Amino acid sequence: MKILSNSERQLFEKLLFYQHGVKEAFREFILIMSGDNKVRATTVETVEVARKLRKVLQVGVYVAKYRKNKNEVFLSIEGSQLLNDQLCKNVVELSEEECKEWMQGTPICRPVDTSSRYIVGRIDKIYLGSARVSRDNKLYPQIAVWRRLPEE
């Protein structure tokens, strides 16, 4: 369990501000870097209990993937939902059909006006996590295989 240092957290927050306009990213949580560059959010109390217990493998909720070497952050479904009121840039409103494709992990052909490589999808007030924007105007949802809706 590696808690993000102040400098790492500042860079993480700076990237979230640049990409999505988020000013107060996960302020009430401690951010932990876990395996595969995943950032998990948890409380102080949870960290204290985990340190006292043996063999705790993970704590917190997976909120983002953070690649420092590429200066990239993309939000998980839970991370985007926790930041829902703060996301003001690079958010794409999806139709019901696009939402279904998104949750199946299917690339969506949609022109998006953004300089960021990642956008957040939503339908009404429900945020669905991030998608990578390709050069040919396709959105590639970053949905884990085990979370995808089965295709009909």
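This is a predicted model: local features need pLDDT of at least 70, side-chain atom pairs count only at pLDDT 80 or more; totals for chains, interfaces and linings use all residues.
1. Five strands, written in the order 1-2-3-4-5, make up an open sheet whose pairing is antiparallel. Strand 1 and strand 5 are found at its edges, and since each has a single partner strand, one side of each is left without a neighbour in the sheet.

2. Strand 1 and strand 2. Strand 1 (residues 2–3) is joined to strand 2 in the antiparallel sense over 2 bridges, and Lys2 has Met33 of strand 2 as its bridge partner. Strand 2 is itself mostly covered, with 4 of its 5 residues buried.

3. The hairpin of strand 2 and strand 3. These two strands pair in the antiparallel sense over 5 bridges, with Ile30 standing opposite Thr42 in strand 3. They form a hairpin that has 3 residues between the strands. Asp36 belongs to the loop between strand 2 and strand 3, and it has a positive phi of about 60° although it is not a glycine. Most residues other than glycine have a negative phi, which makes the backbone here worth a second look. Is Asp36 buried or exposed? Because its relative accessibility is 53%, and the cut-off for exposed is over 50%, Asp36 counts as exposed.

4. Strand 4 and its two partners. Strand 3 and strand 4 pair in the antiparallel sense over 4 bridges, and the bridge partner of Arg40 in strand 4 is Tyr62. On to strand 5, strand 4 is joined by 4 bridges, and these two strands also run antiparallel. Within that pairing, Lys65 stands opposite Phe74, while Arg67 stands opposite Glu72. The hairpin of strand 4 and strand 5 has 4 residues between the strands, and in it Asn71 takes a positive phi near 55°.

5. Strand 9 (residues 126–133) and strand 10 (residues 138–141) pair in the antiparallel sense over 3 bridges, with Val133 standing opposite Leu139 in strand 10.

6. Returning to the residue of the opening question, Asn90 has a phi near 55°, a positive value in a residue other than glycine. Asn90 is buried, because its relative accessible area of 18% falls under the 20% cut-off.

7. In soluble globular proteins, nonpolar side chains tend to be buried together. Here the largest nonpolar core has 20 residues, and those with the most contacts inside it are Phe12, Leu16, Phe26, Val39 and Leu75. Two or more residues of this core come from each of helix 1 (6–20), strand 2 (30–34), strand 3 (38–42), strand 4 and strand 5. Apart from it lies another core, of 15 residues, including Trp102, Met103, Ile123 and Leu139.

8. The surroundings of Leu75. Which residues are in contact with Leu75, leaving aside its neighbours within four places in sequence? Among them are Leu16 and Phe26, which are also listed with Leu75 among the residues with the most contacts inside the largest core. Other contacts of Leu75 include His20, Val63, Ala64, Ser80, Leu83 and Leu87, together with Val120, Gly129 and Ser130.

9. The largest pocket. About 330 Å³ of space lies in the largest pocket. Its lining consists of 14 residues, of which Lys38, Tyr62, Ser76, Ala144 and Arg147 lie nearest the centre. The elements that give two or more residues to this lining are strand 4 (61–67), strand 5 (72–75) and helix 3 (77–82), and the largest share, 3 residues, comes from strand 4. By residue type, the lining divides into 8 nonpolar, 2 polar and 4 charged. Tyr62, one of the residues nearest the centre of the pocket, is also the bridge partner of Arg40.

Technical notes
Residues are numbered from 1 along each chain as its sequence is written. Side-chain values use heavy atoms; hydrogens and water are left out. On a 1 Å grid over the protein atoms alone, a cavity is a set of points where a 1.4 Å probe fits but cannot get out, and a pocket is an open set with protein on both sides within 12 Å along at least five of seven lines; lining residues have an atom within 4 Å of a point. Grid points are joined across faces, edges and corners, and a volume is the space filled by probe spheres set on the points. Ala, Val, Leu, Ile, Met, Phe, Trp, Tyr, Cys and Pro count as nonpolar, Asp, Glu, Lys and Arg as charged, and the others, Gly among them, as polar. A nonpolar core is a set of buried Ala, Val, Leu, Ile, Met, Phe, Trp, Tyr and Cys residues joined through side-chain atoms within 4.5 Å. Buried means under 20% relative accessible area, exposed over 50%, partly exposed in between (1.4 Å probe, protein chains only). Contact means heavy atoms within 4.5 Å. Two strands pair if DSSP finds at least two bridges between them.
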